[in-house]
Amino acid sequence: MRPVTIAPSLLSSDFAAFGEAARACERAGAEYLHFDIMDGAFVPNITFGPGVVQALRGHSKAVFDVHLMIEHPDRWIEAFAEAGADIITIHAEACIHLQRALSQIRGAGARAGLSLNPATPLDVLDYILDDLDLLLIMTVNPGFGGQHFIPAMLPKIEQARQKLDRAPRWVDLEVDGGIASNTATDVVRAGANVLVAGSSVFGHPDGPATGVAALREAASAA
């Protein structure tokens, strides 16, 4: 098991102060910044596009973890890679030619991630393990921040880690949705090593630095 990585989700930050939010997370020791890209079609919300990623690239040295919750994600891979994305994650449910899209991400110079909604089975992994650098298990239904963690996802995380361990190389296992100090320990014990957190970081009463520290402490307890 690798050390746990913290990926604050900018979806829960102040949109008028993205630069400061990015810098605050980096000062707090967060290794990644997570960008939730929503199109109002695949999920019932609209957020931001590659222009925001590009604008923030000069404000942070963190790994830019871009999660495309959009239809036809293959049309946007190059744009987000050029904007500065280090990891580009697409949804199995939104992509017809999945293996080709994952190869396209690597061809654009980014790490290739795949996300699965809560009700999506893990069977799809059997055919694309060689093409993955990261698997993202959604522990809420995507579209909005501030949702509660779905406990039924814990065995799915465990099963996903078992499958990923059969890959020819290490594949990170990321979780997103309801991740806070009261859930982080369980998901790390289940096999996750990248924690996406929005509300518990940016909504922490003592600020994002304390939110990141609380997640780190909970993960260490695992």
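Colleague: Which residues in α5 meet which residues in α6?

Modeller: In this predicted model, L154, I157, E158 and R161 of α5 meet D186, V187 and A190 of α6. The residues of this contact divide into four nonpolar, no polar and three charged. The axes of the two helices, α5 covering residues 153-164 and α6 covering residues 181-190, come within 8 Å and cross at roughly 30 degrees.

Colleague: Why is the pair of F35 and F64 called tilted?

Modeller: The centres of the two rings are 4.8 Å apart and their planes stand at 50 degrees. Rings pair if their centres lie within 6.5 Å, and planes under 30 degrees apart count as stacked while those over 60 count as edge-to-face, so an angle of 50 degrees falls to the remaining class, tilted. F35 lies in strand β2 (residues 32-38) and F64 in strand β3 (residues 63-69), so the pair ties together parts that are 29 residues apart in sequence.

Colleague: How do you know whether F35 and F64 are buried or exposed?

Modeller: Buried means under 20% relative accessible area; F35 has 0% relative accessibility and therefore counts as buried, and F64, with 0% as well, counts as buried too.

Colleague: What makes W76 and F80 a tilted pair, and how is each of them classed by accessibility?

Modeller: Their ring centres are 6.5 Å apart and their planes stand at 55 degrees, so the pair is tilted. W76, at 41% relative accessibility, counts as partly exposed, because that class lies between the 20% and 50% limits, whereas F80 counts as buried at 2%.

Colleague: How many aromatic pairs does the structure hold, and which residues do ring pairs link into a cluster?

Modeller: The structure holds six aromatic pairs, and ring pairs link F15, F18, F35, F48 and F64 into a cluster. F35 also has a place in the largest nonpolar core, which has 65 residues, and F35 and L195 are those with the most contacts inside it. Leaving aside neighbours within four places in sequence, F35 is in contact with residues including L10, F48, V53, L56 and F64. A second, separate core of ten residues includes A7, Y32, I87 and M138.

Colleague: Why is N117 called buried, and where does N117 lie?

Modeller: N117 has 15% relative accessibility, which is under the 20% limit, and N117 therefore counts as buried. N117 lies in the loop between β5 (111-116) and β6 (134-138), and its contacts beyond four places in sequence are F42, H91, E93, M138, P142 and K156.

Colleague: What covers the buried residues of α1, and which residues are they?

Modeller: In α1, F18, G19, A21, A22, A24 and C25 are buried, and what covers them includes β1 (5-8), β2, α2 (50-57), α7 (199-202) and α8 (208-220). After α1 comes G29, whose phi is positive, near 100 degrees.

Key: Residues are numbered from 1 along each chain as its sequence is written. This is a predicted model: local features need pLDDT of at least 70, side-chain atom pairs count only at pLDDT 80 or more; totals for chains, interfaces and linings use all residues. Side-chain values use heavy atoms; hydrogens and water are left out. Axes are lines fitted to C-alpha atoms, for helices over the stretch in contact, and angles run from 0 to 180 degrees between N-to-C directions. Helices (H or I, at least four residues) and strands (E, at least two) are DSSP runs, numbered from the N terminus. Contact means heavy atoms within 4.5 Å. Ala, Val, Leu, Ile, Met, Phe, Trp, Tyr, Cys and Pro count as nonpolar, Asp, Glu, Lys and Arg as charged, and the others, Gly among them, as polar. Buried means under 20% relative accessible area, exposed over 50%, partly exposed in between (1.4 Å probe, protein chains only). A nonpolar core is a set of buried Ala, Val, Leu, Ile, Met, Phe, Trp, Tyr and Cys residues joined through side-chain atoms within 4.5 Å.
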